[in-house]
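Morning, everyone. Please have the structure open on your screens. I'll go through it piece by piece.

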Amino acid sequence: MHVTMVKKRLASGEPCKKCIEAEDLLRSRGVWGRIDQVVWAIENEPESEGMQLARRYGVEAAPFFLVDEGGGDAVPYSSVLRFMREKLDGKRDALIPSTPSPAVEVSIADLVSELEGREPEHVLRKVLATFGRDAAIAFSGAEDVALIDMAAKTGLSFSVFCLDTGRLHPETYRFIEKVRTHYGIEVETISPEATELRAFVRKKGLFSFYEDGHQECCGVRKVAPLRKTLLGYRAWITGQRKDQSPTRAHVAIAQLDPSFSSQNGALLKLNPLANWSSAQTWAYIRANGVPYNELHERGFVSIGCEPCTRPTNPGQHEREGRWWWEEASIKECGLHSAAPGTLSPLHK
Ligand code: SF4
């Protein structure tokens, strides 16, 4: 069965609210991975692919689903609930069932041991073949785009998200857009929860991290949104490398995530570039014409939020450009904490 979801994009460039709700519902039921392809019906572009499909199948409004079971023409479903009831019930992939069990750990343990020591392309192909769109690449830096490039070349489905803290450089926003258009992919940009952010800024202002450390701000702008986002996936893929900092010296290629979980319990975390050096990563980027942040041309190496990132000099370690007013041992923002709910000083 091949399922195409047609989503509507408004003339303003925003996705329609109903499409977002439909996707949220599919994710919350653990069946988002059953969608093989997403096509856009663009409101003011009658010849966009989704608008053409709507005309062809006589469907008035997105979202709708086209289900092709290999017998000829696809069958349209304009109700997400009917589509789920008739086509998806009981078909959830059992690798990570809703109730964690010893069998789950065995499955993940097998995958972890199979992937250790493998090249990044092999890791990505295996993970995407297993999880499809339920595996998401967390995109922020150059390494992550190398992974997107490798993932795109597999021809398999995958998801990409990016944490928009609201404090990124203008160049970084342009970079995100460049990656989205270069690969023709959807990049889900995740904002902090508005109520929590408003309360934090009202109480602490916009630059409290220079006074009492970055972890509270990173907690609101990065960690909490990430925790919520990862509930909707079964595996996430990062660009962490062992050589990025002493805090990452033990990064594994594949592991059961010690800090975050999916809504079904177990969450697999992949770091396919763990054993690559910075030089290897940049050689891949240049050889494959992978887009990168223009700030790299101006001496920035590890790029995070604008107030917390500065260029480094030749010979300085890349992480010296991040939170430079703090101890090197706490230069992690909580995205890769060692234990649930903690902002470990030992990991990012
Ligand atoms: S990197 Fe700086 S601005 Fe960004 S979330 Fe962390 S403390 Fe806040």
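Start with W323. Is W323 buried or exposed? Count the C-beta atoms around it. W323 has 25 C-beta neighbours inside 10 Å, and the cut-off for buried is 20 or more, so W323 counts as buried. Where is W323? W323 sits in the segment after α11. Now look at its backbone. The phi of W323 is positive, near 40°, and this residue is not a glycine. Here is the background. Most residues other than glycine have a negative phi.

One caution before we go on. This model is predicted.

Now the overall picture. The protein has 348 residues, and buried residues make up 39% of them. Its secondary structure comes to eleven helices and ten strands. Take the contacts between residues at least 6 apart in sequence. Of these, 65% join residues at least 24 apart.

Next, the core. How many residues are in the largest nonpolar core? The largest nonpolar core has 55 residues. Those with the most contacts inside this core are V127, A135, A136, I137, F139, A235 and I237. Which helix gives the largest share? That is helix α6, residues 142-154, with seven residues in this core. In soluble globular proteins, nonpolar side chains tend to be buried together.

Pick F139 and look at what surrounds it. Leave out its neighbours within four places in sequence. F139 is then in contact with D144, V145, I148, V160, F161, C162, V179 and V187. There is also a second, separate core of 20 residues. Among its members are M5, V6, F64 and Y77.

Let's stay with α6. Which residues of α6 are buried? Here is the list: A142, E143, D144, V145, A146, L147, I148, M150 and A151. What covers them? The cover includes three helices, α5 (120-131), α7 (170-183) and α11 (278-287). It also includes the strands β5 (135-138), β6 (159-163) and β8 (235-237). After α6 comes G155, with a positive phi near 75°.

Now β6, which is part of that cover. Five of the five residues of β6 are buried, so this strand is largely enclosed by the rest of the structure. Look at the side chains. S159, F161 and L163 point one way from β6, while V160 and C162 point the other way. What does β6 pair with? β5 and β6 pair in the parallel sense over three bridges. One example to find on screen: I137 has V160 in β6 as its bridge partner.

Move to β1, residues 2-9. β1 pairs with two strands we can look at in turn. With β3, residues 64-68, the sense is antiparallel, over five bridges. There, T4 has L66 in β3 as its bridge partner. With β2, residues 37-42, β1 runs parallel, and six bridges join them. V6 has V39 in β2 as its bridge partner.

Next, the ligand. How many residues are around the ligand? There are 13, and H214, C217, C218, C305 and C308 come nearest. Helix α10, residues 215-230, gives the largest share of this shell, with four residues. By class, the shell has seven nonpolar, three polar and three charged residues.

A274 lies in the loop between β10 and α11. A274 is buried, because 24 other C-beta atoms lie within 10 Å. Not counting residues up to four places away in sequence, A274 touches Q240, R241, K242, V251, A252 and I253. The C-alpha atoms of A274 and E116 are separated by 9.9 Å, with the two residues 158 apart along the chain.

Then D257, in the loop between β9 (254-256) and β10 (268-270). D257 has 19 C-beta neighbours inside 10 Å, so it counts as partly exposed. Its C-alpha atom and that of L268 are separated by 5.6 Å, and these residues are eleven apart along the chain. Leaving aside neighbours within four places in sequence, D257 is in contact with L267, L268 and K269.

Methods. Residues numbered from 1 in each chain as written. Predicted model: local features only at pLDDT ≥ 70, side-chain atom pairs only at ≥ 80, totals over all residues. Core = buried A, V, L, I, M, F, W, Y, C linked by C-beta atoms within 7 Å. Buried ≥ 20, exposed ≤ 12 C-beta atoms within 10 Å, placed from the backbone. Contact = placed C-beta atoms within 7 Å. Near = placed C-beta within 6 Å. Nonpolar A, V, L, I, M, F, W, Y, C, P; charged D, E, K, R; others polar. Pairing = 2+ DSSP bridges.
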